[in-house]
Amino acid sequence: MEPEGNFLKTVLVTDADDETLITADLGDVLLVELEENPTTGYRWELTEKGDLPLVTSGFTPPADTAPGAGGLRRFSFDADTAVEHRLIFRLQRAWERPDQFIKSFKVIVRVRDN
């Protein structure tokens, strides 16, 4: 017997999705995972998110506990508005000017009304 109703799903977005269109359904969770090594001082900063509510942001260290090892910066959003949203992230140091980032990551998220 099939379960009834709509179930939330997680839409995973990674470095490989840079400059692409991502499609999600209304109510989905969008999880953006970007490689980061905070020991260098560079961290991913969310600079534009449209109307997507940011739910959480945090760093997950690698399983390898070697000093200086990188990990993943994770941002999760609720896809609660059925329109297109532009997400822009910049890898930068907090003490430097905003235009001194070393890398950017951009996606368009199209949220469909189920």
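In this predicted model, Asp17 is buried and yet takes part in no salt bridge. The nearest side chain of opposite charge is that of Lys103, at a distance of 12 Å. A salt bridge would require a side-chain nitrogen of Lys or Arg within 4 Å of a carboxyl oxygen of Asp or Glu. Asp17 belongs to the loop between β1 (10–13) and β2 (20–25). Leaving out residues up to four places away in sequence, Asp17 touches Leu12, Ile22, Phe105, Lys106 and Val107.

Asp18 lies in the loop between β1 and β2 as well. Asp18 counts as partly exposed, because its relative accessibility is 29%. Apart from neighbours within four places in sequence, the contacts of Asp18 are Ser104, Phe105 and Lys106. Asp18 and Lys106 are 88 residues apart along the chain, but 5.5 Å separates their C-alpha atoms.

**Overall architecture**

The protein contains eight strands and zero helices, and its pattern along the sequence reads β-β-β-β-β-β-β-β. Its C-alpha atoms fill a box of roughly 50 × 30 × 20 Å along the principal axes. Of its 114 residues, 30% count as buried. Among contacts in the protein with a separation of 6 or more, 63% are between residues 24 or more positions apart.

Strands of a sheet pair through backbone hydrogen bonds, either parallel or antiparallel. Here, four strands form an open sheet in the order β1-β3-β6-β5, with mixed pairing. β1 and β5 (54–60) are the edge strands, each pairing on one side only. On average, and with direction ignored, neighbouring strands of this sheet are turned by 20° against each other. Leu30 stands opposite Phe77 of β6.

**The nonpolar core**

The largest nonpolar core has 20 residues, of which Leu30, Val32, Phe77, Leu87, Phe89, Phe105 and Val109 touch the most other members. At least two residues of this core come from each of β1, β2, β3 (29–36), β4 (42–48), β6 (71–78), β7 (84–93) and β8 (103–112). β8 supplies the largest share, four residues.

**Salt bridges**

Side chains of opposite charge can pair when their charged atoms come close. Across the whole structure, a search finds nine salt bridges. Three of them are set out below.

| Salt bridge | Distance, N to O |
|---|---|
| Lys9 and Asp25 | 2.9 Å |
| Lys9 and Asp28 | 2.7 Å |
| Arg74 and Glu33 | 2.5 Å |

Lys9 forms a salt bridge with Asp25. Lys9 lies in the segment before β1 and Asp25 in strand β2, so this pair ties together parts 16 residues apart in sequence. Lys9 counts as partly exposed because its relative accessibility is 36%. Asp25, at 19% relative accessibility, counts as buried, since the limit for that class is under 20%.

Lys9 also forms a salt bridge with Asp28. This second pair links the segment before β1 to the loop between β2 and β3, parts that are 19 residues apart. Asp28 is buried, with a relative accessible area of 3%.

The salt bridge between Arg74 and Glu33 connects strand β6 with strand β3, across 41 residues of the chain. Arg74 counts as partly exposed, at 25% relative accessibility, whereas Glu33 is buried, with a relative accessible area of 14%. Finally, salt bridges with shared partners join Lys9, Asp25, Asp28 and Arg112 into one network.

Key:
Residues are numbered from 1 along each chain as its sequence is written. This is a predicted model: local features need pLDDT of at least 70, side-chain atom pairs count only at pLDDT 80 or more; totals for chains, interfaces and linings use all residues. Side-chain values use heavy atoms; hydrogens and water are left out. Buried means under 20% relative accessible area, exposed over 50%, partly exposed in between (1.4 Å probe, protein chains only). Lys and Arg count as positive and Asp and Glu as negative; His and the chain ends are not counted. Contact means heavy atoms within 4.5 Å. A nonpolar core is a set of buried Ala, Val, Leu, Ile, Met, Phe, Trp, Tyr and Cys residues joined through side-chain atoms within 4.5 Å. Two strands pair if DSSP finds at least two bridges between them. Axes are lines fitted to C-alpha atoms, for helices over the stretch in contact, and angles run from 0 to 180 degrees between N-to-C directions.
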